[in-house]
Amino acid sequence: MHIEVLNGPNTNLYGLDPNGPYGKLTLADIEERCRAKAETLGATVRFRQSSAEGELIDWIHQARGKADGIVINGGSLSYTSIGLMDALASFGGPSFQVHVSNVFKREAIRHHSPISQAVAGCLIGLGARGYEFAVEAVIRTLRED
């Protein structure tokens with residue numbers, strides 16, 4: 001079982017402002033935790049980050065037929081990208097959206113995410129643990145189907 005974990009704009013800055021909304025863990029720390037979680041559940045992950053919308057869309061397209069599931073943190077593209085929404089809708093396997101911070105406690109612009117319509121579920125405001133929970137959710141969803 002293989003899961004793609006995709007990260008959008010500014011997620012590469014996680015951990016640089018430990019007092020900010022994203023906490024002290026870096027994206028590399030989160031990747032390590034996701035790999036460990038997947039391994040304990042008999043799966044693998046590929047962890048990627050890009051600030052380019054087109055590259056994220058291409059990665060989703062490439063995952064078709066190769067990955068069993070997707071975990072995505074679209075970063076700021078979560079609130080604007082119809083392209084990511086369409087790509088995720090065409091994926092075919094389970095996908096889960098992650099937001100490290102509770103977006104509903106933030107600016108109103110963050111209260112709506114087009115890509116939420118194309119995923120099986122959203123993990124919001126759980127900190128970096130949300131990624132691990134999302135990896136587990138993909139695996140459990142695949143095993144239950």
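Reader: Let's start with α1: which strands does it lie across, and at what angle does it run to β2?

Author: First the ground rules. Helices (H or I, at least four residues) and strands (E, at least two) are DSSP runs, numbered from the N terminus. Axes are lines fitted to C-alpha atoms, for helices over the stretch in contact, and angles run from 0 to 180 degrees between N-to-C directions. Here, α1 lies across β1 (2–7) and β2, and runs at about 165° to β2.

Reader: And what sort of model am I looking at?

Author: It's a predicted model, where local features need pLDDT of at least 70 and side-chain atom pairs count only at pLDDT 80 or more, while totals for chains, interfaces and linings use all residues. Residues are numbered from 1 along each chain as its sequence is written, and side-chain values use heavy atoms, with hydrogens and water left out.

Reader: Okay, the sheet. How many strands form it, and in what order?

Author: In general, strands of a sheet pair through backbone hydrogen bonds, either parallel or antiparallel. Two strands count as paired if DSSP finds at least two bridges between them. In this model five strands make an open sheet, ordered β2-β1-β3-β4-β5, with parallel pairing. At the edges stand β2 (44–49) and β5, each with a single partner strand, so one side of each has no neighbour in the sheet. On average, neighbouring strands here are turned by 20° against each other, direction ignored.

Reader: How many bridges join β1 to β3?

Author: Five, and the two run parallel. Moving along the sheet, β3 (residues 69–73) pairs with β4 in the parallel sense over three bridges, and β4 (residues 95–99) is joined to β5 by four, again parallel.

Reader: Is β3 mostly covered or uncovered?

Author: Read that from relative accessible area: buried is under 20%, exposed is over 50%, and partly exposed lies in between (1.4 Å probe, protein chains only). β3 is mostly covered, with five of its five residues buried. Gly69, Val71 and Asn73 point one way, Ile70 and Ile72 the other.

Reader: Which residues make up the covered face of β5, and which the uncovered one?

Author: In β5 (residues 121–124), Gly121 and Leu123 are on the covered face, and Cys122 and Ile124 are on the uncovered one.

Reader: Now the helices. At what angle do α1 and α4 pack?

Author: About 30°, with the axes of α1 (residues 27–40) and α4 (residues 129–144) 9 Å apart. Angles under 35 degrees count as roughly parallel, over 145 as roughly antiparallel, 65 to 115 as roughly perpendicular and the rest as oblique, so α1 is roughly parallel to α4. Contact means heavy atoms within 4.5 Å. By that rule α1 supplies Leu27, Ile30, Arg33, Cys34, Lys37 and Ala38, and α4 supplies Tyr131, Glu132, Val135, Glu136 and Ile139. For composition, Ala, Val, Leu, Ile, Met, Phe, Trp, Tyr, Cys and Pro count as nonpolar, Asp, Glu, Lys and Arg as charged, and the others, Gly among them, as polar.

Reader: Is Cys34 buried or exposed?

Author: Cys34, in helix α1, has a relative accessible area of 0%, so it's buried. Leaving out residues up to four places away in sequence, Cys34 touches Val45, Phe47, Tyr131, Glu132 and Val135. Cys34 and Glu132 are 98 residues apart in sequence but 5.2 Å apart in space, C-alpha to C-alpha.

Reader: And where is Asn10 found?

Author: In the loop between β1 and α1. Asn10 counts as partly exposed because its relative accessibility is 45%. Beyond its neighbours within four places in sequence, Asn10 is in contact with Gln49, Ser51 and Ser76.

Reader: Last pair: at what angle do α2 and α3 pack?

Author: About 5°, with the axes of α2 (residues 53–63) and α3 (residues 82–89) 9 Å apart. α2 and α3 are therefore roughly parallel to each other. The contact uses Glu53, Leu56, Ile57, Ile60 and His61 of α2, and Gly83, Leu84, Ala87 and Leu88 of α3. Sorted by type, the residues of that contact are six nonpolar, two polar and one charged.
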